[in-house]
Amino acid sequence: MRKLIRLWALVFSFIFFVIPLCSCSGDGDEVALQADYGTYGADIAREFASLYPYRRAYSAEEAQAGEYIRSKFEELGYEVSKQDFTNLYGGTSANYIVNISGRGFFSLDDYGNPQEVRRTIVIGAHYDDAFSADQVDPSYSYDGISDNASGIGCLLTIAEQIKNYEDLSFDVILVAFGAGNDNYAGARAFVSSLTEEVAGSIDCMYCIDSIYGGDKVYASAGYNSLLMSQKYQMRRKLYQAYDVVYDSLLYSQYGFSLYYNESGVITDLNGDGFDDIYREVSANKSDYVPFDEMNIPVVYFDSADYFFDSMEEMKDSKNLNLQEFGGMVRSTPLDSSMLLDQFKVNEEGDLLQIRINCIAYVILESMMKGSDYAMTYSQYLEWQNSET
């Protein structure tokens, strides 16, 4: 019975989600391409993976990879802050941070007078990967393209394209996190360095990780959204991301879909002794975790396949060529440009490029929807005109 219900859920999802995205704007109308960002991000991801395939946390190659990211930010004209941190064993790594000022927001004080306020978005991706050279059999062509060169390619695409968003009200912090595979050490160092004012101003943290190796691209909220008292508050930014995909033509132009995790498995996800519904969250953890623990809304992008009847069955890919490690690609020797470029195909073009560009577009457009806590400059002008 459960499988029949899930089948109907798929049918209705296709009718109400996919078909509208395939529709045209009208006879003879020229439709402007969304997410038309070219090959920049995919080229970066492939070059980065090729140059630094064994960038394990705290290694010399991880350090070189971080400096590569700094150079790419600087080529785009940004000033980059390097945040060094050390683990308990003396290993060193670093975060690379870019701060971008927005136009700001307005709120009304107790007397109805407008005052400027700052709201912040954090967008991050870790740049280390799972292995050092001595941990992978030389017969594999491992380079960590999915986990997480793909996320770095997307982060830099956002850095390149955000300059076209002159009306963006948010202050944006772009972060390339070091040592993500060490319990998100870079993200923890970043969060611990935030002032109370900046931490309190964060509307959302967007996390990009392993977006190439899986069969589908998902967006998920954090575990803080499992609490019924704040479910909608903590998932609102997630729903806005899906609104962007629904309102755009990403599927009809690129074959790109963004999936909900709707597996519906009942299990204790957060270890609080109570069962949760495995829906709109992910058991895959990443650099969003320290933000989630601070009760900050998160939107996490990754690629996998969550459409199974149990947690144990879930994997990255059902592709028969990628089953050597139980269908997992991330953190396995199968995370390889040479391998994935061969088996991850899309009729619309380069799948890595499509995913990087479309996720970058979704994040950029989501930010344009504004804040739950204040008015954008345009909204403020509208309010001001309505009052006169």
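Buried means under 20% relative accessible area, exposed over 50%, and partly exposed in between, with a 1.4 Å probe and protein chains only. By this definition E280, at 8% relative accessibility, counts as buried. All views show a predicted model, in which local features need pLDDT of at least 70 and side-chain atom pairs count only at pLDDT 80 or more, while totals for chains, interfaces and linings use all residues. Residues are numbered from 1 along each chain as its sequence is written, and side-chain values use heavy atoms, with hydrogens and water left out.

Phi of E280 is near 65°, a positive value in a residue other than glycine. E280 sits in the loop between β11 (276-278) and α9 (289-293); helices (H or I, at least four residues) and strands (E, at least two) are DSSP runs, numbered from the N terminus. Y184 also has a positive phi, near 60°. Its loop runs between β6 (171-177) and α5 (185-193), and Y184 counts as buried at 16% relative accessibility. Most residues other than glycine have a negative phi, and most peptide bonds are trans.

H126 belongs to strand β5 (residues 120-126) and, at 3% relative accessibility, counts as buried. Leaving aside residues up to four places away in sequence, H126 touches D147, N148, I152, F177, G180, N181, D209, S286 and D287, where contact means heavy atoms within 4.5 Å. The C-alpha atoms of H126 and N181 are 8.3 Å apart, although 55 residues separate the two along the chain. The side chain of H126 makes a polar contact with the side chain of D209 at 3.3 Å. A polar contact is a pair of N or O atoms within 3.5 Å; within protein, one must be able to donate a hydrogen and the other to accept it, and residues adjacent in sequence count only if both atoms are side-chain atoms. A polar atom of the H126 side chain also lies 3.0 Å from the backbone oxygen of D128.

**View C. Cis peptide bond between D147 and N148.**
D147 and N148 are joined by a cis peptide bond, with omega about 10°. N148 lies in helix α4, and both D147 and N148 are among the residues that H126 touches.

**View D. Helix α2 and its cover.**
Helix α2 (residues 40-51) has twelve residues and reaches 16 Å from its first C-alpha to its last, close to the 16 Å expected at 1.5 Å a residue; the expected span is 1.5 Å times one less than the number of residues. Its buried residues are G41, A42, I44, A45, F48 and A49. Seen down the axis of α2, these fall within an arc of 160°, so they line one face of the helix. The arc is that of the directions from the helix axis to the C-beta atoms. Their cover includes α3 (60-75), α4 (145-161), α10 (337-343) and α11 (351-367).

**View E. Packing of α2 against α11.**
G41, A42, A45 and R46 in α2 meet L352, Q353 and I356 in α11. The axes of α2 and α11 come within 8 Å and cross at roughly 115°. Axes are lines fitted to C-alpha atoms, for helices over the stretch in contact, and angles run from 0 to 180 degrees between N-to-C directions.

**View F. E313 in its loop.**
E313 is placed in the loop between β12 (298-304) and α10 and is partly exposed, with a relative accessible area of 36%. Its side chain makes a polar contact with the side chain of S310 (3.0 Å).
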